[in-house]
Amino acid sequence: MHDDDADAASWGFATRALRTGHQRTAEGEHCEPIFMTSSFVFASAAEAAARFAGESPGNIYSRFTNPTVRAFEQRLAALEGGAACVATASGMSAILAVCMGLLAAGDHIVSSRSLFGSTTMLFDKYLARFGIATSYVDLTDLDAWAAAVQPRTRLLFLETPSNPLTEMAAIAPLADLAHAHGALLAVDNCFCTPALQRPLALGADLVIHSATKYLDGQGRAVGGAVVGDAKRVGEDVFGVVRTAGPSLSPFNAWLFLKGLETLELRMLAHARVAAQLAAWLAEHPAVARVHYPGLASHPQHALVGEGAQQRTGGGILSFDVAGGREAAWRVIDATRLCSITANLGDTKTTITHPASTTHGRLSPEARAAAGIGEGLIRVAVGLECVADIQADLARGLDG
Ligand SMILES: *Cc1c(COP(=O)(O)O)cnc(C)c1O
């Protein structure tokens, strides 16, 4: 079956994840080939001229297009339910390409305050220099979003659930708010992936990914993507990427294609292990509080479940231990199985102390305001046996 078959449009999620995007070549290969080439050859000077003039379809140069990269783009677009996808060299360059492609000097962004650290840096340190200002609001406070909109607001930007506290925003009302003001809603869907949450179906205009995380899922490569409509993403964002050059490498695209094949299985398994770990931590006497969307105690738990915004609680949780940094570091340093690293979305469990790493650049006041205490530990739950993860954490929690 090929994705140009008439019934490809009706394929379910799992089928699209396995089949969409591969145009089999004359060799009859079963696995997607890696087109490891920087440029492409033309049959004649006239054909070259026609390609450059855009009169003849086909590849020219891998900064512009590459068949392996296109296969990944088509597959991810099909999974997110978008008309177009542009792959990028990293998640950050996906965000940069969105801003360069869709905003101009004088425009304004409203963003959730809890944000991936480099995204905040991109907005405040770099975009600001080009005359694009950003206001930050509480992710969960719809009134605050509405109050922050200005006449030149063109983009609302958020991550849900947030890192590391897993706070959630309802996407649909924010899409309505954006559209009422002629702005776009962009959702960084890194934590959920389309296996758990599809922002475009909820009204968002743009979905952004760090493919480095769950799309790869095995900690192998850095990459990113933007998904949305044919004009904004297929032309405007694509134009920035092909001109400025943060294009995805064909080899990394191939890794992500393979990652997408098992995405739904992995995301459901991550959530199953995370839910068990969250329930166990919630009962542990040394744990003051667990932040996990799948727990009934989570403030936005109503957004979680089959048919709700987010299908499961996801794979990431955090928890507070009494005793501040010293106690948190003791738990982290007592682990022998969990990897002490800031990465997430890997089959192997990772453990992080946000206050001294990912959120270490914030002032102590800003961290406190955000609820990121010295005793907070984030776990990106992998696919190991939950009993082994529990035993690993118990070493420090029980000690
Ligand atoms: C990692 C991450 C990014 C940035 O992606 P890179 O691939 O590291 O450039 C953006 N947003 C979120 C939520 C992330 O976790």
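In which strand is Ala-288 found? I located Ala-288 in strand 8, which spans residues 287–291, and I keep in mind throughout that I am reading a predicted model.

I then turned to helix 3 (residues 67–80) and helix 10 (residues 250–261), whose axes come within 8 Å and cross at roughly 35°, the crossing being left-handed. On the helix 3 side I listed contact residues including Phe-72, Arg-75 and Leu-76, and on the helix 10 side residues including Trp-254, Phe-256 and Leu-260. Sorted by class, this contact holds 11 nonpolar, 1 polar and 2 charged residues.

Looking up the largest nonpolar core, I found 34 residues, and among those with the most contacts inside it are Phe-72, Leu-76, Leu-215 and Leu-260. Helix 3, helix 10 and helix 11 (263–283) are among the elements that give two or more residues to this core, and the largest share, 6 residues, comes from helix 3. The core draws at least three residues from each of domain 1 (11–261) and domain 2 (263–397).

For Leu-215 I set aside the neighbours within four places in sequence and recorded contacts that include Phe-72, Leu-76, Phe-256, Leu-260, Leu-263 and Arg-266. Last, I noted a second, separate core of 27 residues, with Leu-102, Leu-122, Val-226 and Val-240 among them.

Conventions. Residues numbered from 1 in each chain as written. Predicted model: local features only at pLDDT ≥ 70, side-chain atom pairs only at ≥ 80, totals over all residues. Heavy atoms only, no water. Axes fitted to C-alpha atoms, helices over the stretch in contact; angles between N-to-C directions. Helix = DSSP H or I, 4+ residues; strand = E, 2+ residues; numbered from the N terminus. Left-handed = near helix turned anticlockwise from the far one by under 90°. Contact = heavy atoms within 4.5 Å. Nonpolar A, V, L, I, M, F, W, Y, C, P; charged D, E, K, R; others polar. Core = buried A, V, L, I, M, F, W, Y, C linked by side-chain atoms within 4.5 Å. Buried < 20%, exposed > 50% of the residue type's maximum accessible area, 1.4 Å probe, protein only. Domains from an automatic or database assignment.
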